[in-house]
Amino acid sequence: ALNGIMTHKQEQEEEREVLQSIYENEDHFKQLSETVFTFRIGEPGDVKSYSVEIRWGEDYPDVPPTVSLYSIYNSRLTLESKRAIVAALLTEAQSLVGSPMTYSLFVYAKEQAIELLELESVECSTEGTADDRDGAMRQQKEKKEVLSKQAKRRLADRTNAQGELRRGWNWMDIIRHLSKTEGSSNQTST
């Protein structure tokens, strides 16, 4: 049993060194103690940002870490959202038991931020007066088609932080259209 604890401590030390080297100059990662780490998803002030705390137990990585969202940074999130995010991260952690998983969980939380906070946006839009709720219900009915992860990534690559398409994103389409219409007008005049 003592040998197993030594192995866990060695694995934890190795993972701690890897995390420190990966996030060396990053302000969204903090090591609070030898076994407690926090990672902020999103930029400060962004409504879709939150902070995840991962706490290793004595038998980590053979048992999942404790995942928490109870920092002051997450005070605007509803309890349901916090539970959904923690449940998703713990489900992911179960699939990674036996190997270092803190970095993988941070990456998962970052990649899944949109899906994990969908519940939050629905909760926020349904709070308020009856008129607000009616407006929210109309917005939900007019909901856009569900996008795949790949489509969301492509959309995120094309847009800036405010969700606006960058200047000139469709210039090739315009040029292609003009070249087609210019050629057809020349042929009809001759």
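## Strand β3

Strand β3 is mostly covered, with five of its six residues buried. Buried here means under 20% relative accessible area, exposed over 50% and partly exposed in between, using a 1.4 Å probe and protein chains only. Strands (E, at least two residues) and helices (H or I, at least four) are DSSP runs, numbered from the N terminus.

The model is predicted, so local features need pLDDT of at least 70 and side-chain atom pairs count only at pLDDT 80 or more, while totals for chains, interfaces and linings use all residues. Residues are numbered from 1 along each chain as its sequence is written, and side-chain values use heavy atoms, with hydrogens and water left out.

## The sheet

Four strands form an open sheet in the order β1-β2-β3-β4, and the pairing is antiparallel. The edge strands, β1 (29-31) and β4 (66-68), each pair on one side only. From one strand to the next, the twist averages 20°. Two strands count as paired if DSSP finds at least two bridges between them.

Strand β3 covers residues 50-55 and is joined to β4 by three bridges. On its β2 side, six bridges join β2 to β3. E53 takes part in both pairings: its bridge partner in β4 is S68, and E53 is also the bridge partner of T38.

In a regular strand, side chains alternate between the two faces of the sheet.

## Helix α3 against the sheet

Helix α3 packs on the sheet and touches β1, β2 (36-41) and β3. Contact means heavy atoms within 4.5 Å. The direction of α3 makes about 160° with that of β3; axes are lines fitted to C-alpha atoms, for helices over the stretch in contact, and angles run from 0 to 180 degrees between N-to-C directions.

Which residues of α3 (residues 102-111) are buried? They are T102, L105, F106, Y108 and A109. These residues cover an arc of only 160° around the axis, which puts them on the same side of α3. The arc is that of the directions from the helix axis to the C-beta atoms.

## The whole chain

The protein has eight helices and four strands, in the sequence pattern α-β-β-β-β-α-α-α-α-α-α-α. Of its 190 residues, 28% are buried.

Among contacts with a separation of 6 or more, 49% are between residues 24 or more positions apart. The accessible surface comes to about 13100 Å², of which 53% belongs to carbon and sulfur atoms; areas come from the Shrake-Rupley method with a 1.4 Å probe.
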